[in-house]
Amino acid sequence: MRYNPGELITAMITPFKEDLSIDYPALEKLINHLIKTGSDAILVAGTTGETPTLTHKEEEELFSFVKSIINGRVKIILGAGSNSTQTAVESSIKAQQLGADAILSVVPYYNKPSQRGMYSHFSQIAKSVNLPIILYNIPGRTGVNMLPATIAQLADEFNNIIAVKQSNSDLDLISDIKKMCPSDFAIYCGDDSLTLPMMSLGAHGVISVASHISGKDMKTMISNFKQGNNEEALNIHLKLYPLFKKLFMAPNPVPVKEALSYLGIIKPFVRSPLVMLDDEQKKSLYETIGCLNKVLQ
């Protein structure tokens, strides 16, 4: 069987101080919050962690700090993708040296490779490390969609390619991936609002943003579904749905950072070119969180 990092993986934000340096005390508080609220694994230095504005040195220091605080309590996954194959290989090797449990590797962005180019890219990464690899297919950011046949070819040939994070609203693709890939190859939903629909088609779990705020409820939703309590799972989905949508009212991770600030866990600072929510957006987000807390009590 392939490596299984769990069902609820949080794509963790990177908290900043007002001077935009990394806020390590807030990060420790956040890590403990995520573990307490049900995360099976924490993804460090993904897009939600604002990696476009982190230096490689910051990423390494960030990972080492997170690993020391987690101290084996949950799995730790490192974002190690790039639109340069050589850079992605080097980052993957570094992740292995740093002691990551797995890596997340995104489809190359901006240069828009063909399916054959994607296969070549991920093959070189898989051959360079023994680490479990989660492919990351997010056409809205990369400009290209990795097709189920390409995913299946990689899954068939490399046992360390264990899963795909599928951030694509076309649910037919989930059926195609399930039909084409080995039974132990996992699909993770990459969009919180589609977690339950994707799980109904065979997805294993979610790599989540909303779990920063509602981890316990998302974990319960997943557990209910897998135990056959479909109505209970649907009820939780419907209660969380306004939050799922509100957390993407502005570019990720701006809203979730504001939500965490509202809850007193971090400060909401983001690095440019992202900007914080305006007052009207904040009010709308706070109202949603307040209503959600009343509904779920």
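This report covers helix packing, salt bridges and some backbone details in a predicted model.

## Basis of the model

The model is predicted, so local features need pLDDT of at least 70 and side-chain atom pairs count only at pLDDT 80 or more, while totals for chains, interfaces and linings use all residues. Residues are numbered from 1 along each chain as its sequence is written, and side-chain values use heavy atoms, with hydrogens and water left out.

Helices (H or I, at least four residues) and strands (E, at least two) are DSSP runs, numbered from the N terminus.

Two packed helices are described by the angle between their axes and the distance between the axes. Here the axes are lines fitted to C-alpha atoms, for helices over the stretch in contact, and angles run from 0 to 180 degrees between N-to-C directions.

Helix α1 covers residues 24-36 and helix α9 residues 211-226; they pack at an angle of about 20°, and their axes are 8 Å apart. That angle makes α1 roughly parallel to α9 (angles under 35 degrees count as roughly parallel, over 145 as roughly antiparallel, 65 to 115 as roughly perpendicular and the rest as oblique). The crossing of α1 with α9 is left-handed; a crossing is left-handed if the near helix is turned anticlockwise from the far one by less than a right angle, and right-handed if clockwise. From α1, the residues L30, H33, L34 and K36 meet S211, H212 and K216 of α9, where contact means heavy atoms within 4.5 Å. The residues of this contact divide into two nonpolar, three polar and two charged. In this division Ala, Val, Leu, Ile, Met, Phe, Trp, Tyr, Cys and Pro count as nonpolar, Asp, Glu, Lys and Arg as charged, and the others, Gly among them, as polar.

## Helices α3 and α4

Helix α3 (residues 85-98) packs with helix α4 (residues 115-128) at an angle of about 25°, with the axes 9 Å apart. The two helices are therefore roughly parallel to each other. Their crossing is right-handed. On the α3 side, T85, A88, V89, S92 and I93 take part, and they meet H121, Q124, I125 and S128 in α4. The residues of the contact of α3 with α4 divide into four nonpolar, five polar and no charged.

A88 lies in helix α3 and is buried, with a relative accessible area of 0%. Buried means under 20% relative accessible area, exposed over 50%, and partly exposed in between (1.4 Å probe, protein chains only). Not counting residues up to four places away in sequence, A88 touches A80, G81, S82, H121 and I125. A88 and P108 are 20 residues apart in sequence, and their C-alpha atoms are 9.4 Å apart in space.

## Salt bridges

The structure holds five salt bridges, a salt bridge being a side-chain nitrogen of Lys or Arg within 4 Å of a carboxyl oxygen of Asp or Glu. One of them joins the side chains of D40 and K219, at 3.0 Å from N to O. D40 lies in the loop between α1 and β2 (41-44) and K219 in helix α9, so this pair ties together parts that are 179 residues apart in sequence. D40 is partly exposed, at a relative accessible area of 21%, and K219 is partly exposed at 23%.

Another salt bridge links K257 with E50, the closest N and O atoms being 2.6 Å apart. K257 lies in helix α11 (residues 254-262) and E50 in the loop between β2 and α2 (56-70), so the pair ties together parts 207 residues apart in sequence. Both K257 and E50 are buried. The side chains of R271 and E58 also meet in a salt bridge, at 2.8 Å from N to O. R271 lies in the loop between α11 and α12 (279-296) and E58 in helix α2, so this pair ties together parts 213 residues apart in sequence. R271 is buried at a relative accessible area of 10%, and E58 is buried at 18%.

## Backbone details

The peptide bond from N252 to P253 is cis, with omega near 10°, and P253 is found in the loop between α10 (230-246) and α11. A cis peptide bond also joins S272 and P273, with omega about 20°; P273 lies in the loop between α11 and α12.

E50, the partner of K257 in a salt bridge, has a phi near 60°, a positive value in a residue other than glycine. The relative accessible area of E50 is 3%. K112 is not a glycine, yet has a positive phi of about 50°. K112 is in the loop between β4 (102-106) and α4 and is exposed, with a relative accessible area of 52%.
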